[in-house]
Amino acid sequence: MGRLFGTDGLRGIANADLTAELALGLSVAAAHVLGEAGSFAGHRPVAVVGRDTRASGEFLEAAVVAGLASAGVDVLRVGVLPTPAVAYLTGALGADLGVMLSASHNAMPDNGVKFLARGGHKLDDELEDRIETVYEEHRTGAPWSRPTGAGVGRIRDYEEGVDRYVAHLVELLPNRLDGLKIVLDEANGAASRVSPEAFARSGAEVVTIGAEPDGLNINDGCGSTHLGLLKEAVVAHGADFGIAHDGDADRCLAVDAVGQEVDGDQILAVLALAMSQQGHLRKNTVVGTSMTNLGFKLAMEREGIDFVQTAVGDRYILKSMKDHGYALGGEQSGHVIILDHATTGDGTLTGLLLAARVAETGRSLAELAEIMRPLPQVLINVPDVDRTRVDSTAELAVAVAEAERELGSTGRVLLRPSGTEPLVRVMVEAADIDHARSVAGRLADVVKSTLG
């Protein structure tokens with residue numbers, strides 16, 4: 001059996017790749033692996049289970065809940081809530097594990113299962129491997145002790161989850177948002193209720209779009225992957241700016257008052273400067289990835305803030321933050337982790353803190369975003385190549401070195417093999433977009449000729 005878990009849980013087409021049987025079996029296995037803490041502490045293990053708005057989440061939730069309860073785990077079913085809300089409640093309620101059903105920004109037919117450890121933390125590879133091992137043992141006929149009678153888990157709807165999470169978000173704000181008019185695009189997803197409520201409670205005038213989920217329209221032409229509707233709405237309503245989330249609301253992107261996009265790197269730069277000035281940026285360091293725009297690094301150097309780079313993926317950012325005691329990290333896609341307040345990226349919290357910075361300074365979002373000027377970035381996917389030889393091909397190394405010398409200190413080159421497809425991504429940044437295109441095109445040709 002190939003590895004089931006990817007970089008962010010398990011995902012696939014619901015009822016094809018991700019079946020009710022698989023969800024149930026994995027939940028039993030997770031109960032045995034993650035529920036051990038509760039058993040050892042002398043109480044029945046407890047799990048928090050949430051989902052996004054996909055229609056398939058309804059039957060997958062039933063399968064997960066059934067699996068957990070059959071393994072003797074009590075279940076608090078929180079319903080439709082963002083991934084960071086499930087993570088927060090898992091920690092706040094002292095649960096032994098959490099489960100979130102979502103495929104994030106993916107299209108509606110997909111869904112996913114993400115398990116969280118005690119405290120609401122993402123699982124490391126070792127724990128995921130243990131769950132897969134136990135699942136495979138059960139699937140191939142290994143017996144397991146099934147509780148009966150009073151030993152089976154009990155299931156309860158935890159309706160207080162929405163209010164508790166919203167109250168938590170509002171309490172974290174350093175100042176109110178009175179006087180701001182903000183458009184929120186909820187991607188017809190998990191934050192459709194909690195995000196508008198949190199912004200409104202914080203004093204903002206809220207205009208909401210993409211907040212009428214019907215089970216089928218999640219991420220459909222809206223949200224952080226489709227900013228067109230948000231740009232139009234901000235301008236039409238004369239709003240100060242707009243915020244967009246994805247299906248499970250762990251991302252946040254923005255547009256300013258005239259509809260210009262403010263991406264995750266720019267948002268991260270604004271928050272990094274704010275936290276540094278407030279004395280909250282531990283070690284005066286912010287964490288990004290190899291795909292972070294060079295303009296971000298240059299901006300941080302100018303502001304005297306250290307920048308640490310990791311591999312692409314918020315799990316690697318989070319690991320670096322935990323290992324070294326950093327407080328802030330994020331990606332261009334809008335995953336921003338504020339570790340003092342959340343165990344994972346939280347799009348609603350990120351948007352609230354961005355709005356708080358606008359309200360506190362009295363400056364527009366466009367003005368604040370000027371801290372960082374993104375360099376033009378060209379990305380070319382080169383298909384049908386041997387991605388495993390990217391780092392070991394001498395001719396390719398020479399071509400990259402020549403490109404870097406040509407670009408100098410105001411540009412950079414990144415070759416990154418895909419983790420799932422037979423392709424290599426060529427990324428070039430330069431002050432001039434035509435120069436970036438020229439260099440990227442030449443490198444793509446070398447990749448094709450040497451690795452094809």
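**Close-up 1. Strands E1 and E5 at the second largest cavity.** Strand E1 (10-13) and strand E5 (110-117) each supply at least two residues of the lining here, and E5 gives the largest share, three residues. Strands are DSSP runs of at least two residues and helices (H or I) of at least four, numbered from the N terminus. A cavity is a set of points on a 1 Å grid where a 1.4 Å probe fits but cannot get out, and lining residues have an atom within 4 Å of a point. Among the lining residues you will find Asp8, Arg11, Met100, Lys114 and Asp248. This cavity has a volume of about 50 Å³, the volume being the space filled by probe spheres set on the points.

This is a predicted model: local features need pLDDT of at least 70, side-chain atom pairs count only at pLDDT 80 or more, and totals for linings use all residues. Residues are numbered from 1 along each chain, and side-chain values use heavy atoms, without hydrogens and water.

**Close-up 2. The largest cavity.** Its volume is about 80 Å³. Of its 10 lining residues, Asp8, Gly9, Lys122, Leu123 and Glu128 lie nearest the centre.

**Close-up 3. Phenylalanine 5 meets phenylalanine 115.** The structure holds three aromatic pairs (ring centres within 6.5 Å). In this one the centres are 6.3 Å apart and the planes at 70 degrees, so the pair is edge-to-face (over 60 degrees). Phenylalanine 5 lies in the segment before E1 and phenylalanine 115 in strand E5, so the contact ties together parts 110 residues apart in sequence. Phenylalanine 115 is buried (under 20% relative accessible area), at 3%.

Methods. 1 Å grid on protein atoms, 1.4 Å probe; cavity = no way out; pocket = protein on both sides within 12 Å on 5 of 7 lines; lining within 4 Å. Phe/Tyr/Trp six-rings, centres within 6.5 Å; stacked < 30°, edge-to-face > 60°. Buried < 20%, exposed > 50% of the residue type's maximum accessible area, 1.4 Å probe, protein only.
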